[in-house]
Amino acid sequence: MLRSSLVAGISGVLICAGSPTLAQAATASSDEGQARASDGSQLGDIVVTAQRRSRAETAQRVPIAITAVSGRQLEEMHALTLTDVGRVAPNVSLTPSGTFPGTANFLIRGIGVNTSDPSAEPAVGVFVDGMYYGVNLGVVTDTFDLESVEILRGPQGTLFGRNVTGGAVVIRSRRPSGEFGLQGKVSYGNFNQISGAASVEGPLIKDVLNAKVAIMSNSNNGLFANAANPGNRIGRHNDLIVRPIMEFKPSDRLTLTLIGEIGRMDDYGTPSINVFNNAGAPIPSGKFILSSDFDAHSQQRWKHVILEGAYEVPNGTIKATLTARKIRASFETDVDASSAQIFSFVAPTGLHQHQKSAEIIYNGKFGDYFELTAGGNYFQQMANYSEARSLNGGASRPVSDGILHQKTGGVFAQGDAHFGTVTITAGGRYTIDRKAVMTAALGGCSLDGTVCNYAFSNAHTWRDFTPKAGIRWQPTNALQFYFTYTKGFRGGGYGLRNSPGVLPGPYNPEKVDAYEVGAKSEWFDRRLRVNMALYRNTYDDLQRLVQDFNLVQRTLNAASARIQGAEIEIAAIPVRNLTLSGSVGYTDAKYLAFNNLDLTGDKVPDPLLAKRLLLSQAPKWNYNLTASYDVPIGDAGKLNFRGNYYHLGKRANDDLNKAILPSYGLLDASVSWSSADDRYKISVFGKNLANKLAYANGGTVSSTFESLPLLPPRRYGVEVSFKL
């Protein structure tokens with residue numbers, strides 16, 4: 001049974017990027033990520049209405065390392081998924097899993113999850129309209145009709161429903177405006193890429209009940225040729241999302257918002273390339289020519305509902321949120337990525353997951369001296385994951401199954417005390433996390449997965465207190481310095497992907513002590529904005545996926561590590577209508593200790609191994625540069641020329657450094673015409689124009705092959721959009 005005890009309140013909302021804030025914010029004027037005033041001569045304010053605050057703030061006054069992108073910026077970037085959004089933030093990688101399409105393998109400041117096992121707690125939490133995603137499937141979806149996407153770098157948890165040790169991605173859907181409106185877009189590109197989206201909104205009862213519905217469809221005929229089967233291209237997909245929203249205001253004090261979503265993703269093959277093959281199958285010679293011995297098909301179907309209520313009380317606001325989500329997914333993946341029938345996942349029953357959550361928060365402001373945010377939340381989920389592995393052309397096809405039940409509760413508080421130009425923040429969260437599991441290892445189920453021998457059954461409860469403290473000094477309106485200390489943890493658990501004779505857990509929570517110092521500033525009459533952050537994170541009981549060359553894997557507390565680095569984000573308007581922006585991230589990551597673990601979980605410290613190994617997917621350098629120039633053409637509207645270059649340095653692909661992935665750079669560009677009233681727009685766009693081969697996050701699987709997932713090749717197209 002879950003119990004909680006309230007703790008003192010903790011640090012305020014923060015930012016280090018000339019972009020919006022923590023905790024579900026609403027944005028204001030923005031252009032190229034750093035906001036430009038309407039006359040194109042100054043950087044404008046990005047105003048945020050933090051869900052967990054009782055007042056709005058400009059982003060420059062909120063002290064945290066965060067990059068946020070408004071809905072308008074998403075349109076200008078021609079961002080289809082969160083992968084595109086991640087390329088504008090330093091030390092961030094929001095790439096999909098190399099095993100199952102649409103599955104998040106998100107990393108921030110060198111910390112993430114490099115597995116598609118749904119039982120793994122995300123190190124980078126994804127929160128959509130106040131709802132936490134309990135599994136990382138169904139996350140890499142379309143960005144249409146969003147109000148903002150915010151990427152918070154560093155451990156979170158005090159004000160969120162879940163603690164995460166890498167960071168958080170906070171997504172907010174666009175709410176009804178209260179006026180009739182119709183907007184949409186359609187685009188066509190190479191690979192027969194067809195995307196269409198539309199939303200319609202209006203008042204059902206003026207000033208009382210507003211409604212909106214958005215629909216999105218996206219498909220192509222395959223981004224990669226298949227040398228083993230030329231008739232079936234790899235990477236084909238067909239997606240559909242419908243999102244209705246209703247907002248009810250029965251009084252000036254009470255607002256109720258109901259948000260629903262129904263979605264489906266159909267994908268045909270995971271784009272992976274075999275870079276090492278010791279099994280006799282030929283490796284295709286073409287850069288973007290892949291090879292798969294069968295036409296894989298993966299499906300995801302989900303639906304969710306979110307009810308949010310906000311009631312104004314003296315000195316503050318009480319907000320309550322109820323959420324429910326259900327997802328079903330089936331998978332077929334050619335893991336060896338070759339024409340040989342070596343190893344594939346065939347999981348027709350796949351994943352069945354459903355979750356519920358409830359949260360209540362009080363936001364209060366007491367004069368000009370003190371602000372308080374306090375509340376509690378509850379989360380529960382059930383995940384049933386079944387997997388069949390087809391080995392050696394189907395000669396062996398063991399089937400596994402696992403059932404996970406999780407209940408998590410927490411209470412939290414955060415207070416800000418203002419002393420002139422200095423603000424002191426303190427607080428924390430107390431969390432109780434309980435998980436119970438039943439597993440049938442590979443071979444423990446019948447071939448159709450209907451009958452299983454659940455040989456392992458166990459349950460465990462973890463409790464943790466995560467404090468946070470900070471101080472902010474704002475000597476002028478244009479200059480701010482801040483320092484924060486945060487203690488975070490990622491929940492312990494059990495693996496649902498298991499081999500015979502290997503215990504699936506429990507493994508313990510991953511813990512981190514995080515220190516950050518930052519500065520935010522504006523110069524030259526708001527024509528230059530510079531935000532910087534330095535951080536140092538020390539991890540204990542780091543959760544790592546341990547895997548041998550017999551395809552046996554298990555998550556264990558394998559290491560301790562120190563990750564430190566620096567980030568800088570700059571925006572400037574050197575001349576009217578020209579906005580230049582960019583960021584640089586540097587990461588210095590090393591193991592303090594690495595246990596040379598066998599699959600029994602026994603810890604054997606190996607200092608030489610710790611000194612030699614690189615943390616997986618933690619490049620030293622990454623940067624992006626963006627230029628946007630508006631050319632007014634009188635009553636005919638304006639032209640916009642935009643270009644972006646993103647660079648990611650070389651990094652280890654897996655925990656034991658069996659592969660070092662090369663660096664890559666991606667160049668995107670677009671030319672757009674907008675009407676004078678900004679209602680119509682036509683764009684020509686291109687992505688990865690240099691057609692660079694870029695590897696996403698993956699993992700070494702076997703001594704006989706190594707397959708690595710790929711990001712898309714060169715794409716280009718035309719988009720027409722309207723807002724009425």
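## Surface and burial

In this predicted model, the protein exposes about 26,600 Å². Carbon and sulfur atoms supply 60% of that area. Of the protein's 724 residues, 60% count as buried.

## Secondary structure and contacts

The protein has three helices and 38 strands. Among its contacts with a separation of 6 or more, 69% are between residues 24 or more positions apart.

## Aromatic pairs

A pair of aromatic rings is described by the distance of the centres and the angle of the planes. Rings count as a pair here if their centres lie within 6.5 Å, and the protein has 12 aromatic pairs by this rule. One of them joins Phe456 and Tyr494: the ring centres are 6.2 Å apart and the planes stand at 55 degrees, so the pair is tilted. Planes under 30 degrees apart would count as stacked, and those over 60 as edge-to-face.

Phe456 belongs to strand E25 (residues 456-476), while Tyr494 sits in the loop between strand E26 (479-490) and strand E27 (510-523). The pair therefore ties together parts that are 38 residues apart in sequence. Phe456 has a relative accessibility of 15% and counts as buried. Tyr494 is also buried, with a relative accessible area of 0%.

## Aromatic cluster and charges over rings

Phe127, Tyr132 and Phe379 make up one aromatic cluster.

Two arginines are placed over tyrosine rings. Arg109 lies over the face of Tyr535, 4.1 Å from the ring centre. Arg325 lies over the face of Tyr133, at 4.0 Å from the centre of that ring.

Note on methods:
Residues are numbered from 1 along each chain as its sequence is written. This is a predicted model: local features need pLDDT of at least 70, side-chain atom pairs count only at pLDDT 80 or more; totals for chains, interfaces and linings use all residues. Side-chain values use heavy atoms; hydrogens and water are left out. Rings of Phe, Tyr and Trp (its six-membered ring) pair if their centres lie within 6.5 Å; planes under 30 degrees apart count as stacked, over 60 as edge-to-face and the rest as tilted. Helices (H or I, at least four residues) and strands (E, at least two) are DSSP runs, numbered from the N terminus. Buried means under 20% relative accessible area, exposed over 50%, partly exposed in between (1.4 Å probe, protein chains only). A charge sits over a ring if NZ of Lys or CZ of Arg is within 6 Å of the ring centre and within 35 degrees of the ring normal. Contact means heavy atoms within 4.5 Å. Accessible areas come from the Shrake-Rupley method with a 1.4 Å probe; for residues, only the protein chains shown count as cover.
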